[in-house]
Amino acid sequence: MFTLAEVASLNDIQPTYRILKPWWDVFMDYLAVVMLMVAIFAGTMQLTKDQVVCLPVLQSTVNSKAQPGTSGKADFTTVETTTGQGEEASTRTVSFGSAPTVTPDVPLSRATSSQYQPTESGQELKKEQKDSSGRKTNLDFQQYVFINQMCYHLALPWYSKYFPYLVLIHTIILIVSSNFWFKYPKTCSKIEHFVSILGKCFESPWTTKALSETACEDSEENKQRLTGAQSLSKYVSTSSDEGSPSASTPMITKSGFKFSADKPMIEVPSVTILDKKDGEQAKALFEKVRKFRAHVEDSDLIYKLYVGQTVIKTVKFIFILCYTANFVNTISFEHICNPKVEHLIGYTQFECTHNMAYMLKKLLISYISLICVYGFICLYTLFWLFRIPLKEYSFEKVREESSFSDIPDVKNDFAFLLHMVDQYDQLYSKRFGVFLSEVSENKLREISLNHEWTFEKLRQHVSRNAQDKQELHLFMLSGVPDAVFDLTDLDVLKLELIPEAKIPAKISQMTYLQELHLYHCPAKVEQTAFSFLRDHLRCLHVKFTDVAEIPAWVYLLKNLCELYLIGNLNSENNKMIGLESLRELRHLKILHVKSNLTKIPPNITDVAPHLTKLVIHNDGTKLVVLNSLKKMTNVAELELQNCELERIPHAIFSLSNLQELDLKSNNICTIGEIISFQHLKRLTCLKLWYNKIVDIPSSITHIKNLESLYLSNNKLESLPAAVFSLQKLRFLDVSYNSIALIPVEIGLLQNLQHFHITGNKVDILPKQLFKCVKLRTLSLGQNCITSIPDKISQLLQLTHLELKGNCLDRLPATLGQCQLLRKSGLIVEDHLFDALPSEVKEVLNQDTSIPFANGI
């Protein structure tokens with residue numbers, strides 16, 4: 001048995017899909033129900049009352065002789081049959097009464113005499129003859145039951161017997177055909193998802209808010225019509241859960257809702273604030289609609305299935321109508337039956353009456369009428385299916401009536417489902433279009449964003465960077481909160497992975513803002529905001545995947561001093577970036593490009609006369625063409641990192657104003673060209689680290705003004721004496737090479753302040769090293785040093801000493817005489833520090849904050 005809950009769940013099917021059932025489907029459902037009732041009614045009557053009643057047909061050439069006293073109204077008939085000439089005649093008397101009997105053949109004279117001997121009996125017979133009429137048979141009750149059942153199966157047409165069951169089967173097929181697209185595995189999931197999303201979109205508070213806000217935006221008529229807001233209260237909920245329909249709250253009807261820019265809908269004050277929960281639900285709906293559209297628009301299975309089932313129903317209608325019309329006349333009240341059971345009954349032919357014939361014929365005519373109506377509706381459905389392109393759906397009317405001009409047209413099954421919904425109520429598709437609009441989605445994100453990121457929350461995320469500037473970093477938001485522009489004392493603003501970033505005119509109140517970071521954030525700016533950025537912005541960082549993501553307004557910031565471009569700038573995109581020349585950046589001093597260049601883009605040379613610093617960080621792509629460097633005569637700092645350079649480019653030697661050269665992470669093996677650096681009189685810093693340099697040529701002595709030399713992470717095995725002839729050298733880094741000996745000439749570098757030789761093979765420290773009394777940083781870690789001379793006490797300015805990773809067994813007690821050295825600046829194993837005398841440890845432990853103030 002079915003439980004009540006299971007039966008009740010069947011009623012939920014119709015309300016669930018009612019929005020996808022046009023009027024003809026609904027009407028056909030009602031017709032199918034009526035046909036089903038006809039089938040059940042006919043079947044019930046057949047099971048309870050259907051039968052035939054048969055009487056034998058008396059076949060004989062009868063010479064009826066009315067007996068005396070009958071006067072033609074005798075209640076019995078004597079049939080006289082002559083069996084032969086001269087033979088005795090016999091008669092068969094058949095009486096039809098309450099107890100019918102069969103009288104055997106007897107001689108006529110005997111039968112007659114037996115019937116008329118008593119006078120009283122003759123009088124009774126005369127009386128009986130007067131009361132009855134017709135022709136009597138000699139069949140008993142069981143024989144009548146038998147012949148009725150026989151003739152029901154033999155004489156009655158099959159259509160009269162099975163008509164109710166045929167109607168039932170046809171109706172079930174039509175019902176299944178009408179609802180097959182709701183249950184087919186390939187379509188039911190899409191339909192269920194669509195109905196669910198459509199209902200949520202219709203009932204979402206955001207739908208009403210988005211329409212009202214965008215329609216009423218900048219509308220002068222809105223103020224005049226505010227007096228009519230009370231009249232709309234019965235259509236719009238005034239609760240905190242604005243727009244959420246309930247069983248007692250009526251939906252907005254067609255007449256009460258209109259997408260019109262000329263006559264916008266009145267915005268009730270209660271709908272101006274969207275609840276946070278409603279906002280999250282609306283954002284989830286936008287994502288669902290986007291995914292559902294991508295999933296459904298690529299096929300037209302639902303459309304084809306609906307067309308197929310409509311064709312099947314039409315063919316079924318034609319089939320039923322054709323064969324049923326032929327059997328209407330077979331349903332008759334009278335039938336002739338020839339059962340061929342004369343040996344049991346005594347008669348060969350019977351006349352039968354079908355007591356249900358009249359009712360079945362009326363039901364059949366009613367059924368044919370219903371089928372005709374059903375068929376005409378099927379034909380109309382086919383006409384509708386092929387009259388217009390249902391696999392395309394345009395929101396043109398909605399775009400005209402509303403301010404959502406970006407609602408896209410849809411196609412295939414998505415379009416067909418919307419066409420079906422329009423047959424139920426066009427208001428559904430209009431409200432659904434809100435969730436296809438990017439304008440609506442952006443508006444929702446903006447409201448939710450401002451609701452979440454308040455001024456107080458943003459203030460908590462402001463921090464101080466290394467340059468002691470107030471910095472705010474916003475990461476992966478849907479937009480830029482309005483409250484950001486209320487932080488008027490902000491120096492640095494970082495926007496990362498914010499695809500819909502918009503910079504409004506309010507940014508003009510951020511008078512301290514000079515640095516802006518746009519990481520994968522193609523921000524759009526208003527005209528007033530651009531004017532402010534053009535006059536005040538000094539530093540801009542842009543990180544992108546493709547050069548087309550760089551906002552066009554970047555190239556027009558005439559007061560920009562520093563520009564950092566990080567992204568893909570291959571040879572094809574170089575043409576694109578050339579379209580937006582940097583020529584307008586007349587005050588640009590620093591250009592940092594981290595990309596995959598094979599040559600320096602021509603547009604960079606447009607600003608070459610103004611540049612003082614050029615940084616090119618490649619991802620390992622070989623930088624081949626460097627001739628354009630010669631035009632950058634004012635460049636003071638040049639970095640060519642990870643550019644797969646094998647030699648020092650000759651174009652560099654033309655940069656007479658060059659002060660710092662960084663060739664980090666290349667494939668430079670020899671630096672014989674270093675002799676040409678003698679023409680670079682202002683070169684003070686040379687960085688050749690992370691290369692494959694084997695030796696240092698003696699010609700390095702020609703770079704007389706060199707103050708910093710970086711040679712770490714190379715393949716050096718020794719330090720030539722020429723290095724120590726650079727009297728102005730203050731910084732020397734030869735870490736992570738294969739140097740085994742520190743030359744005694746190091747004592748000549750009286751201005752040396754930082755010496756790094758970590759990660760080599762040094763085992764002895766020369767005493768001349770401690771003549772460099774200006775040393776502040778001495779890194780000797782990861783070597784083979786066995787002892788530290790006591791003369792280390794001569795390094796009175798030493799603040800950082802690294803000794804970890806050597807073969808030391810003790811530290812000299814004279815470390816305590818290094819007045820600026822503290823424990824935090826002493827990098828050594830713990831057991832060596834603990835072995836120091838207590839008074840030395842006490843000196844090293846005091847005023848631990850000083851090393852940080854006087855650090856590296």
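First, the ground rules. This is a predicted model, where local features need pLDDT of at least 70 and side-chain atom pairs count only at pLDDT 80 or more, while totals for chains, interfaces and linings use all residues. Residues are numbered from 1 along each chain as its sequence is written, and side-chain values use heavy atoms, with hydrogens and water left out.

Let's start with the sheet. Helices (H or I, at least four residues) and strands (E, at least two) are DSSP runs, numbered from the N terminus, and two strands pair if DSSP finds at least two bridges between them. Three strands make an open, antiparallel sheet in the order E1-E6-E5. Strands E1 (52–56) and E5 (334–337) are at the edges with a single partner strand each, so one side of each has no neighbour in the sheet. On average, neighbouring strands are turned by 25° against each other, direction ignored; axes are lines fitted to C-alpha atoms, for helices over the stretch in contact (heavy atoms within 4.5 Å), and angles run from 0 to 180 degrees between N-to-C directions.

E5 pairs with E6 (residues 350–354) over four bridges, and Glu334 stands opposite Thr353 in E6. Helix H6 (residues 141–154) lies across E1, E5 and E6, at about 115° to E1.

Next, the annotation. An unreviewed UniProt entry places "transmembrane region" at residues 27–47, 162–182 and 364–386; such annotations may be inferred rather than shown by experiment. Residues 27–47 are 100% helix, with end C-alpha atoms 30 Å apart. For residues 162–182, also 100% helix, the ends lie 31 Å apart.

And finally, charges. How many salt bridges are there? Counting a side-chain nitrogen of Lys or Arg within 4 Å of a carboxyl oxygen of Asp or Glu, the total comes to 18. One of them joins Lys494 and Glu471, with the closest N and O atoms 3.3 Å apart. Lys494 is in strand E11 (residues 492–496) and Glu471 in strand E10 (residues 470–475), so the pair ties together parts 23 residues apart in sequence.
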